Amino acid sequence: MDAPPNFEEGQSTYRTPRFNGQYYGWWKIRMHDFIMAEVSELWDVSCDRPFIPMKTISEGIVTVPTTMKEYNDADRKAIEKSFRAKKILVCGTRPDKYNRISACQCTKEIWEALKTTHEGTTQVKQSKIDMLTTVYELLKMKEDESI
């Protein structure tokens, strides 16, 4: 994992690391550390689906989402953490990358969209490995080349 050459942004502890479209692995680690330093529970929010307060109706048989008027303090705090984590990620991307994540509803979806875009899926990674292995195995010295 390489860091960008001539890195000039600095290592601010207050400013969200910006992703410029290059060096995704380096940015990902910096963003993880930034979120963990902010409030460690925000990282849990980033790894899980968003919190949706639920209530039980019909004699304990059916569970439905509660309305905003019915939220208690714990529900509001959990939802606030979810939006804080999402805000940090959105603020850490450039406008051209924002189009890719704007439809995402939660922090986990944003992480997955960025990861898939810049690292690829498991199948894509395996395909690249197979292709490079084949190229390596078929490598031969040409008649006009010397050692």
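Predicted model: local features only at pLDDT ≥ 70, side-chain atom pairs only at ≥ 80, totals over all residues.
The chain holds 6 helices and 2 strands. Its radius of gyration is 22 Å, well over the 15 Å that the globule rule gives for 147 residues, so the chain is more spread out than a compact globule.

**Overall layout**

- In sequence order, the elements run α-α-β-β-α-α-α-α.
- Along the principal axes, the C-alpha atoms fill a box of roughly 85 × 40 × 25 Å.

**Surface and charge**

- Buried residues make up 24% of the 147 in the chain.

**The nonpolar core**

- The largest nonpolar core has 18 residues. Trp27, Met31, Ile35 and Trp111 have the most contacts inside it.
- Four helices each supply at least two residues of this core: helix 1 (24–38), helix 2 (40–47), helix 3 (73–91) and helix 5 (107–119).
- Helix 1 gives the largest share, with 5 residues.
- Met31 is one of the core residues with the most contacts inside the core. Leaving aside residues up to four places away in sequence, Met31 touches Thr16, Pro17, Ile88, Leu89, Gly92 and Trp111.

**Before helix 1: Arg18**

- Arg18 sits in the segment that precedes helix 1.
- Its relative accessibility is 42%, so Arg18 counts as partly exposed. The partly exposed class runs between the buried limit of under 20% and the exposed limit of over 50%.
- Arg18 and Arg94 are 76 residues apart in sequence. In space, their C-alpha atoms are 7.1 Å apart.

**Before helix 1: Tyr23**

- Tyr23 also belongs to the segment before helix 1.
- The phi angle of Tyr23 is near 60°. That is a positive value in a residue other than glycine.
- With a relative accessibility of 29%, Tyr23 counts as partly exposed.

Conventions: Residues numbered from 1 in each chain as written. Heavy atoms only, no water. Rg over C-alpha atoms; globule rule 2.2 N^0.38 Å. Buried < 20%, exposed > 50% of the residue type's maximum accessible area, 1.4 Å probe, protein only. Core = buried A, V, L, I, M, F, W, Y, C linked by side-chain atoms within 4.5 Å. Contact = heavy atoms within 4.5 Å.
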